[in-house]
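Reader: I would like to learn how to read a structure model feature by feature. Could we go through one together?

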Amino acid sequence: MSRPKKLPLAAVLEKLPIWTAAKGAEKGDGREAIYRQVVFGDFSRAFGFMSRVAMQAEKLDHHPEWSNVYAKVDIVLTTHDAGGVTELDLEMAKFIDAVALQCGAVDATPKRRPNLPPGLAERIRKRPPKK
């Protein structure tokens with residue numbers, strides 16, 4: 001199976017309003033990648049989210065660069081062999097956005113949020129019920 005071709009970073013970010021260019025990517029002094037931080041109410045929710053994303057990553061054979069500290073998950077997506085962002089990253093980012101909501105994400109730290117669908121920003125910020 002052939003790997004997908006590199007997409008323009010700006011075009012990908014237009015489709016992913018919660019994501020930003022990874023540090024240095026927009027200025028051209030770093031590799032092209034997209035970034036998002038997802039915050040959960042506790043470590044258990046963050047770990048559950050990461051487990052679901054990991055299973056999808058295995059299915060797609062496309063793995064995120066990420067780190068987790070307690071309830072925060074920092075995610076970078078890029079396709080190394082294409083030298084930038086591809087359809088695989090776009091697909092993975094959309095999956096991550098959906099699963100973050102399902103797993104009770106309480107906040108994200110985007111630098112911009114243009115044209116979010118109605119109610120999405122509120123759902124992202126909504127705190128999960130305490131158990």
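Reader: Happy to start with charges. How many salt bridges does a search of the whole structure find?

Author: A search of the whole structure turns up two salt bridges. The term stands for a side-chain nitrogen of Lys or Arg within 4 Å of a carboxyl oxygen of Asp or Glu. The general idea is that side chains of opposite charge can pair when their charged atoms come close. Before we go on, a word on the source: this is a predicted model, where local features need pLDDT of at least 70, side-chain atom pairs count only at pLDDT 80 or more, and totals for chains, interfaces and linings use all residues. Residues are numbered from 1 along each chain as its sequence is written, and side-chain values use heavy atoms, with hydrogens and water left out.

Reader: Which side chain does Lys-6 meet in a salt bridge?

Author: Its partner is Glu-32, at 3.6 Å from N to O. Lys-6 sits in the segment before α1 (9-15) and Glu-32 in the loop between β1 (20-21) and β2 (34-39), so the pair ties together parts that are 26 residues apart in sequence. Helices here are DSSP runs of H or I with at least four residues, strands are runs of E with at least two, and both are numbered from the N terminus.

Reader: And what is the distance between the closest N and O atoms of Arg-36 and Asp-97?

Author: In that salt bridge they are 2.4 Å apart. Arg-36 belongs to strand β2 and Asp-97 to helix α3, 61 residues apart, and the pair links distant parts of the chain.

Reader: Is Arg-36 buried or exposed?

Author: Arg-36 is buried, with a relative accessible area of 3%. The scale runs like this: buried is under 20% relative accessible area, exposed is over 50%, and partly exposed is in between (1.4 Å probe, protein chains only). Asp-97 counts as buried too, at 16%.

Reader: Now the rings. How many aromatic pairs are there?

Author: The count is two aromatic pairs. Rings of Phe, Tyr and Trp (its six-membered ring) pair if their centres lie within 6.5 Å; planes under 30 degrees apart are stacked, over 60 edge-to-face, and the rest tilted. Phe-40 and Phe-49 have ring centres 5.0 Å apart and planes at 40°, so this pair is tilted. Both Phe-40 and Phe-49 are buried. For Phe-43 and Phe-47, the centres are 5.9 Å apart and the planes at 35°, so that pair is tilted.

Reader: Where do Phe-43 and Phe-47 lie?

Author: Both are in helix α2 (residues 43-60), four residues apart, about one turn of the helix. Phe-43 is partly exposed at 38%, and Phe-47 is partly exposed at 47%.

Reader: Which residues form a nonpolar patch on the surface?

Author: Phe-43, Phe-47, Val-69 and Tyr-70 do, with about 450 Å² of accessible area together. Patches take residues with over 30% relative accessible area and no salt bridge, joining like charges within 9 Å and nonpolar side chains (Val, Leu, Ile, Met, Phe, Trp, Tyr) within 5 Å. Areas come from the Shrake-Rupley method with a 1.4 Å probe, and for residues only the protein chains shown count as cover. Tyr-70 is in the loop between β3 (65-69) and β4 (72-77) and is exposed, at 53%.

Reader: Finally, how many helices and strands does the protein chain have?

Author: It has four helices and five strands, running α-β-β-α-β-β-α-β-α from the N terminus. Of its 131 residues, 44% count as buried.
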